[in-house]
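Hi everyone, thanks for coming.

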Amino acid sequence: MLSKTIQDAINDQINKELYSSYLYLSMASYYAESNLSGFAGWMRVQSSEEYAHAMKFYGYVIDRNGHVELEAIEKPHAKFKSPADVFRQVLEHEQKVTGMITKLYELSVKEKDYPTQIMLEWFITEQSEEEKSAGDILEQLKMIGDSPVSLIMMDRQLAARGNK
Ligand code: FEO
């Protein structure tokens, strides 16, 4: 059985993961409207991954005989200045999420909740990967600068993820 403290914290994280899914969906529509279908597809896949993260926490609460309590999801940002600005926001967002997962882990240590610590290890690894991929794409976008040809090439490259 989960403690009320851990249960509340995981329920809050479910909401944050659903917000991430919503945010990436908003970013996907920005790219689609900018005629960058590869970037849009990449973001849609990312949005699905965030939904899967929420469901991983959701399933964990259920498996531990806890109670899932869903809250309203915050409205995501919808205004972006450029393709690079979007990934700057992705990286910032993922760094924030890493902080949340770290706090959750610290709480589970404090509560001596070992199963939750083991479950969170997957998320700790996942966050390192997400920060790396967002950071790599941001750096490439910075290198591209204002070159439409390079942006189109990168769009084709990112399309591979959306087509999987
Ligand atoms: Fe679920 Fe991108 O963190």
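Let's begin with a charged pair: D85 and R88 form a salt bridge, and their closest N and O atoms are 2.3 Å apart. By salt bridge I mean a side-chain nitrogen of Lys or Arg within 4 Å of a carboxyl oxygen of Asp or Glu. Before going on, a word on the source: this is a predicted model, where local features need pLDDT of at least 70 and side-chain atom pairs count only at pLDDT 80 or more, while totals for chains, interfaces and linings use all residues. Residues are numbered from 1 along each chain as its sequence is written, and side-chain values use heavy atoms, with hydrogens and water left out.

Back to our pair. Both D85 and R88 sit in helix 3, 3 residues apart, or about one turn of the helix. Helices here are DSSP runs of H or I with at least four residues, numbered from the N terminus. Are the two partners buried or exposed? D85 is buried, with a relative accessible area of 7%, whereas R88 is partly exposed at 35%. For those words, buried means under 20% relative accessible area, exposed means over 50%, and partly exposed is in between, using a 1.4 Å probe and protein chains only.

D136 is partly exposed, with 34% relative accessible area, and K132 is exposed, with 52%. Elsewhere, salt bridges with shared partners join D85, R88 and E92 into one network.

How many salt bridges does a search of the whole structure find? It finds 7. One of them pairs R64 with D113, with the closest N and O atoms 3.2 Å apart. This pair links distant parts of the chain: R64 is in the loop between helix 2 and helix 3, D113 is in the loop between helix 3 and helix 4, and they are 49 residues apart. R64 counts as buried at 17% relative accessible area, and so does D113 at 7%.

Let's turn to the nonpolar side. A nonpolar core is a set of buried Ala, Val, Leu, Ile, Met, Phe, Trp, Tyr and Cys residues joined through side-chain atoms within 4.5 Å. The largest one has 25 residues, and those with the most contacts inside it include M27, M43 and V90. Helix 1 (4-33), helix 2 (37-63), helix 3 (83-110), helix 4 and helix 5 (148-162) each supply at least two residues of this core. Helix 1 gives the largest share, 7 residues. Apart from this core lies another, of 17 residues, with I10, A54, V61 and I101 among them.

Last stop: H53, which is found in helix 2. H53 is buried, with a relative accessible area of 2%. Its side chain is joined to that of E17 by a polar contact of 3.4 Å, where a polar contact is a pair of N or O atoms within 3.5 Å, one able to donate a hydrogen and the other to accept it, and residues adjacent in sequence count only if both atoms are side-chain atoms. Not counting residues up to four places away in sequence, H53 touches E17, W122, F123, E126 and E130; contact here means heavy atoms within 4.5 Å.
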